[in-house]
Amino acid sequence: MSTSAIEVSDEKVKAIQLKNRWDALKKEWKAWKKLKGDDTGLGWNPTKRIVDASDEWWESRLQVVPEAKKFKTSGIDPKFEGKLDQMFMGIVATGDKAWAPSSGTLRSDFF
């Protein structure tokens, strides 16, 4: 196999890995947002890194969002949540400046 074919193959693998990670993060972020919903008064335990809520709250919320079970023992830090919000919340691009991980690599003239 030629060197250029290996480089192209490596780039394709990296793009696929990036897309897979992007999709996984988005799925976790959606479950997290759905778990918290519009509830107010939830605390954050920075030592345990979990939402500080009653067992009754967790029980009722996990019936609605069972995929969020992992967050009972390991939540998303509020600072990181803000970054995920920036990545996934209401972002729309159109025209020649539109790009998504599924689009592949960025054109060199993108910026």
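Colleague: Which residues do ring pairs link into a cluster?

Modeller: Trp22, Trp29 and Phe88 are joined that way by ring pairs. Keep in mind that this is a predicted model.

Colleague: How many aromatic pairs are there?

Modeller: Rings pair if their centres lie within 6.5 Å. By this rule there are five aromatic pairs.

Colleague: Why is the pair of Trp22 and Phe88 called edge-to-face?

Modeller: Planes over 60 degrees apart count as edge-to-face. The planes of Trp22 and Phe88 stand at 70°, with ring centres 4.9 Å apart, so this pair is edge-to-face. It also links distant parts of the chain: Trp22 belongs to helix α1 (residues 3–36) and Phe88 to helix α3 (residues 78–88), 66 residues apart.

Colleague: Are these two residues buried or exposed?

Modeller: Buried means under 20% relative accessible area. Phe88 has 8%, so Phe88 is buried. Trp22, with 27%, is partly exposed.

Colleague: What kind of aromatic pair do Trp57 and Trp58 form?

Modeller: Trp57 and Trp58 form an edge-to-face pair, 5.1 Å centre to centre and with 85° between the planes. Trp57 counts as buried at 12% relative accessibility, and Trp58 counts as buried at 2%.

Colleague: Let's turn to the backbone. What is the phi of Arg49?

Modeller: Here is the general idea: most residues other than glycine have a negative phi. Arg49 has a phi near 60°, a positive value in a residue other than glycine.

Colleague: And where is Arg49?

Modeller: Look in the loop between β1 (43–45) and β2 (50–52). Arg49 counts as partly exposed there, at 43% relative accessibility.

Key. Residues numbered from 1 in each chain as written. Predicted model: local features only at pLDDT ≥ 70, side-chain atom pairs only at ≥ 80, totals over all residues. Heavy atoms only, no water. Phe/Tyr/Trp six-rings, centres within 6.5 Å; stacked < 30°, edge-to-face > 60°. Helix = DSSP H or I, 4+ residues; strand = E, 2+ residues; numbered from the N terminus. Buried < 20%, exposed > 50% of the residue type's maximum accessible area, 1.4 Å probe, protein only.
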